[in-house]
Amino acid sequence: MEKKLQALKHHLVEINDLRSAAALLHWDQSTYMPPGGAAARGRQIATLSRLAHEKFIDPAVGTLLEELMPYAEQLPPDSDDARLIQVTFKDYERAVRVPPDFTAELSNHQAAGYEAWIAARPANNFAAVRPLLEKTVELSRQLADFFPGYEHIADPLIDFADPGMTAATISALFAELRQELVPIVKAITEQPVADDSCLRKHYPEDKQLAFGVQVIKRFGYDFERGRQDKTHHPFMTKFSLGDVRITTRVKEHDLSEALFSTMHESGHALYEQGICQDYEGTPLASGVSAGVHESQSRLWENLVGRSWGFWNYFYPKLQDVFPEQLGSVPLETFYRAINKVERSLIRTDADEVTYNLHVMMRFDLELALLEGKLEVRDLPEAWRERFKADLGIVPPDDRDGVLQDVHWFADVVGGVFQGYTIGNILSAQFFDAALRAHPSIRDEISMGEFGTLHGWLKKNVYHHGRKYSVPELIERATGSKLTIEPYIRYLRTKYGELYAL
Ligand code: ZN
């Protein structure tokens, strides 16, 4: 059995090599590739994805796994090998249901969708991507149908990103959160909007990038095992545990853009860099779900990076970098500016309080598209209506409306947004648990020290990769099930002070 397990691991590493090569091509496509490379690049990524998929669904893998599953039962239930066999078996069962031709078609379509979106968004041209999006909805439905027995057609798609969750459980969670959030949003937005003009002066790009790098090095992001480049829509990607990259975008008249997206992506990267080295090349060597992943980006971006303590330490340093722009701006003004709450158009720019309303809206639109209750041609109008109802404003065009997010154009429709809000909820739950274990963390943050927090997260979350299921991981790390309580308490405390609620 030991030999069979070694054979399986060897095979899995080769599959991971193919996937990493595809990820590298995708990283290049989103950073340095000239536009002329687009068509061939889509095909190249599709080819590698197909080869990886074919190699994984090889019947020999199925035979190995069937022989190894009883062996896994005999191993200690929490051993790495037992969990690796079980996680791989679940992945395999899921992969064999999707034909390689379909995977290639979807991958090709996604590459074409991404290129079309890159052109359509600045041109405010929804009509240009509409047929592609219609096909995405169709392909998303087909993908779900490879997994019959679901209650809601979105369930299999949600399960890819956030295993164990369904349209029903998320709808219930979101309803609970919504009930708490809406009164907070209302109370805040009835007050005058905070003045954030100090963020909108001219901030040269190179200085912004250098400051961001300084911050994430302090967080613990390891540049020996990563790098940062510029892109349209920031993301984190990994080619091995020793090469975890992030991307950012800079606006010279908006200081918060690069600063917070750098912290955000570094949170994703800290997670991947912190995974147990023994898992390298196996299915255990990645984040466990979209929601848990997002909990780490949001924890570093918001609970740390938008906290008073953090800026108590870093603001004088930022003032040194930008003396003309910030020299005469008090810390309190800056702190209010970076925590400004308002009804706004763009999800990625939205504040912590209103952000989840943007996500819930997309989640519900996805369900309606998949159910066939909403046609793609009616999507821009449905977007505007829901925006007005939830946020009290209407996007002036599709560029800042339905075209703003890349997800539906470069991924699937269904399961791609709920992770952001689950991440917000979990960011507070994990942070709360870390503070209970080490009450000194708050003081350390105000001294620019993050070692204790990073160490706790590494030990309790990052190290495990996909070894434990999401509920197991949450319970082991925090001592309780997923709960909105710490998140609501966090928002009430922070914004209660800021807005004297
Ligand atoms: Zn993220």
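Start with the largest cavity, which holds about 40 Å³ of space. A cavity here is a set of points, on a 1 Å grid over the protein atoms alone, where a 1.4 Å probe fits but cannot get out; points are joined across faces, edges and corners, and the volume is the space filled by probe spheres set on them. By this rule there is one cavity of 30 Å³ or more.

Before you click on, a word on the model. It is predicted, so local features need pLDDT of at least 70 and side-chain atom pairs count only at pLDDT 80 or more, while totals for chains, interfaces and linings use all residues. Numbering runs from 1 along each chain as its sequence is written, and side-chain values use heavy atoms, with hydrogens and water left out.

Now select Gln208, Phe211, Leu255, Ala258, Leu259, Leu318 and Phe322, the lining of that cavity (lining residues have an atom within 4 Å of a point). Helix 9 (205-219) and helix 10 are the elements giving two or more residues to it, and helix 10 gives the most, with three. Helices are DSSP runs (H or I, at least four residues), numbered from the N terminus.

Next, show the zinc ion with His264 (NE2), His268 (NE2) and Glu294 (OE), its protein donors at 2.1 to 2.3 Å. Donors are N, O and S atoms within 2.8 Å of the metal (3.2 Å for Na, K and Ca); water is not among the atoms, so sites may look incomplete. Along the chain the spacing reads H-x3-H-x25-E. His268 sits in helix 10 (residues 255-273) and Glu294 in helix 11 (residues 290-304), so this pair ties together parts 26 residues apart in sequence. Both His268 and Glu294 are buried (under 20% relative accessible area, 1.4 Å probe, protein chains only).

Then move to the second largest pocket, at about 580 Å³. A pocket is an open set of points with protein on both sides within 12 Å along at least five of seven lines. Of its 22 lining residues, pick Ser307, Arg442, Tyr490, Thr493 and Lys494, the closest to the centre. Colour helix 22 (485-499) too: with seven residues, helix 22 gives the most to this lining.

Last stop: Trp311 and Trp408, which have the most contacts inside the largest nonpolar core, a set of 128 residues. Such a core joins buried Ala, Val, Leu, Ile, Met, Phe, Trp, Tyr and Cys residues through side-chain atoms within 4.5 Å. Helix 15 (residues 355-371) gives the most to this core, with eleven residues.

Technical notes
Buried means under 20% relative accessible area, exposed over 50%, partly exposed in between (1.4 Å probe, protein chains only).
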